[in-house]
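Please view the sequence and the structure first, and then read the notes by topic.

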Amino acid sequence: MKKRERETTFIQDLPKDDPLRQDFDFVDSRMGGSMSMEILVETGKENGVKELNFINGLDRLQVFLESHPLVLQTSSFVDQLKQVNRAVHENDDEFYAVPKTRESVSELLLLYESGGGKEFDRLVSFAYDTAHVQVRTVSLSTADVRKLESDVYEFVRTNVPWLKIKFTGASCLLTSVADYLSESELYSFIYAFVTILIVMTIVFRSVKLGLWAMIPNVIPVVLTLGLVSFAGARVNMVLVILAPIILGVCIDDTIHFITRYRYFFRECGDYGIAFKRTSLSVGRVLIFTTMISGVCLLNFMNSKFAGPFTFAWSSVTAFIIALVCDLAVTPALIMTFKPFGPERTGGRTA
């Protein structure tokens, strides 16, 4: 089974006929890309950027980037250097290339700076020890950004290993934030599961009952996430909070159901009669609260973004599964394992 990666994309989640989506598509197709990322290439020494080997390596990196399907255009000080080299050779396109000697590089850079060129201020560091490459891209998802970074790192490792690169910029920052939030929510779910198990064990004063009570609460999480995966929805920043929410709602309903079930069993001493009384009292409340919660969450289905839309229908589905588990799975487990003790004969009243 293929592992599903976390993927957050704000623009691609909009329908194609939405004006905002169309604006971004227009910028991608006509104006050089709506997103950008920055690559810092470090030399580790002053004036290292002027080394011919470094410049040639940076030029090869740009050629690779511009051939990548996710990249529209790039810019670096190498472009300025080529332009100056062509200009001093009477604009002959044959000389739109990296100079062949370090001395020529130094002369062209000096000529460019003395002529008032200011592009280098944003393309190289003051000490000429770090170069900066701007990469313009189409609207990318976080998965696309990770793939682009991986492809670039692999190219540098195998072709220009003397370059030390580091990604930065808005796209990379958004990807890092999305991954951090997703991982945090995963750990939050694990911590919540363990904490709730401990609390339920203390409340019910039984390790077995605490473990059994967690079964109908895990089923909705597993089934709902399975349905989301089957539907092909992206696991994004919005959707990763689904599991803790489902667990929280399910646990609340389960505690009410089991607590009332035990109360009625202590009165009548019969698991069947206690189940009927529990269903007629707490069961009705669970049905009403599930309906109210579902109707409220369905409002998110009006969102144009795919994330909130998926969150809405998956949440409602999870609450319905949780209700079925509380009214069917939980009493079945209780009647099977009889955690409240043996039934008492006599005095059974419906």
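**Briefing on the predicted model**

Helix α8 gives the most to the lining of the largest cavity, with four residues. The structure is a predicted model, in which local features need pLDDT of at least 70 and side-chain atom pairs count only at pLDDT 80 or more, while totals for chains, interfaces and linings use all residues. Residues are numbered from 1 along each chain as its sequence is written, and side-chain values use heavy atoms, with hydrogens and water left out. Helices (H or I, at least four residues) and strands (E, at least two) are DSSP runs, numbered from the N terminus.

**Cavities**

- Rolling a probe the size of a water molecule over the atoms shows where empty space is left.
- A cavity is a set of points, on a 1 Å grid over the protein atoms alone, where a 1.4 Å probe fits but cannot get out, and its lining residues have an atom within 4 Å of a point.
- Grid points are joined across faces, edges and corners, and a volume is the space filled by probe spheres set on the points.
- Two cavities of 30 Å³ or more are present in the structure, and the largest cavity has a volume of about 50 Å³.
- The lining of the largest cavity consists of Leu209, Trp212, Ala213, Pro216, Ile258, Thr330, Leu333, Ile334 and Pro339.
- The elements that give two or more residues to this lining are α8 (207-230) and α11 (306-337).
- By class, eight lining residues of the largest cavity are nonpolar, one is polar and none is charged; here Ala, Val, Leu, Ile, Met, Phe, Trp, Tyr, Cys and Pro count as nonpolar, Asp, Glu, Lys and Arg as charged, and the others, Gly among them, as polar.

**A nonpolar surface patch**

- Leu186, Tyr187, Ile190, Tyr191, Val194, Ile198 and Ile202 form a nonpolar patch on the surface, and together they have about 730 Å² of accessible area.
- Patches are made of residues with over 30% relative accessible area and no salt bridge; like charges are joined within 9 Å, and nonpolar side chains (Val, Leu, Ile, Met, Phe, Trp, Tyr) within 5 Å.
- Accessible areas come from the Shrake-Rupley method with a 1.4 Å probe, and for residues only the protein chains shown count as cover.
- Tyrosine 191 has its place in helix α7 (residues 170-204).
- With a relative accessible area of 56%, tyrosine 191 is exposed; buried means under 20% relative accessible area, exposed over 50%, and partly exposed in between (1.4 Å probe, protein chains only).

**Salt bridges**

- Side chains of opposite charge can pair when their charged atoms come close.
- The structure holds eight salt bridges, a salt bridge being a side-chain nitrogen of Lys or Arg within 4 Å of a carboxyl oxygen of Asp or Glu.
- Lysine 45 forms a salt bridge with glutamate 51, and their closest N and O atoms are 3.9 Å apart.
- Lysine 45 is partly exposed at 46% relative accessible area, and glutamate 51 is partly exposed at 30%.
- A network of salt bridges links Lys45, Glu51 and Arg102.
- Arginine 86 pairs with aspartate 93 in a salt bridge whose closest N and O atoms are 3.3 Å apart; arginine 86 is partly exposed at 25% relative accessibility, whereas aspartate 93 is exposed at 56%.
- Arginine 277 forms a salt bridge with glutamate 267, with the closest N and O atoms 3.4 Å apart.
- Arginine 277 lies in helix α10 and glutamate 267 in helix α9 (residues 242-268), so this pair ties together parts that are 10 residues apart in sequence.

**Positive phi values in loops**

- Glutamate 90 is not a glycine, yet it has a positive phi of about 60°.
- Glutamate 90 is placed in the loop between α3 (77-87) and α4 (102-114), and is exposed, with a relative accessible area of 74%.
- Tyrosine 128, also a residue other than glycine, has a positive phi near 55°.
- The loop between α5 (120-123) and β3 (130-137) holds tyrosine 128, which counts as buried at 9% relative accessibility.

Key
On a 1 Å grid over the protein atoms alone, a cavity is a set of points where a 1.4 Å probe fits but cannot get out, and a pocket is an open set with protein on both sides within 12 Å along at least five of seven lines; lining residues have an atom within 4 Å of a point.
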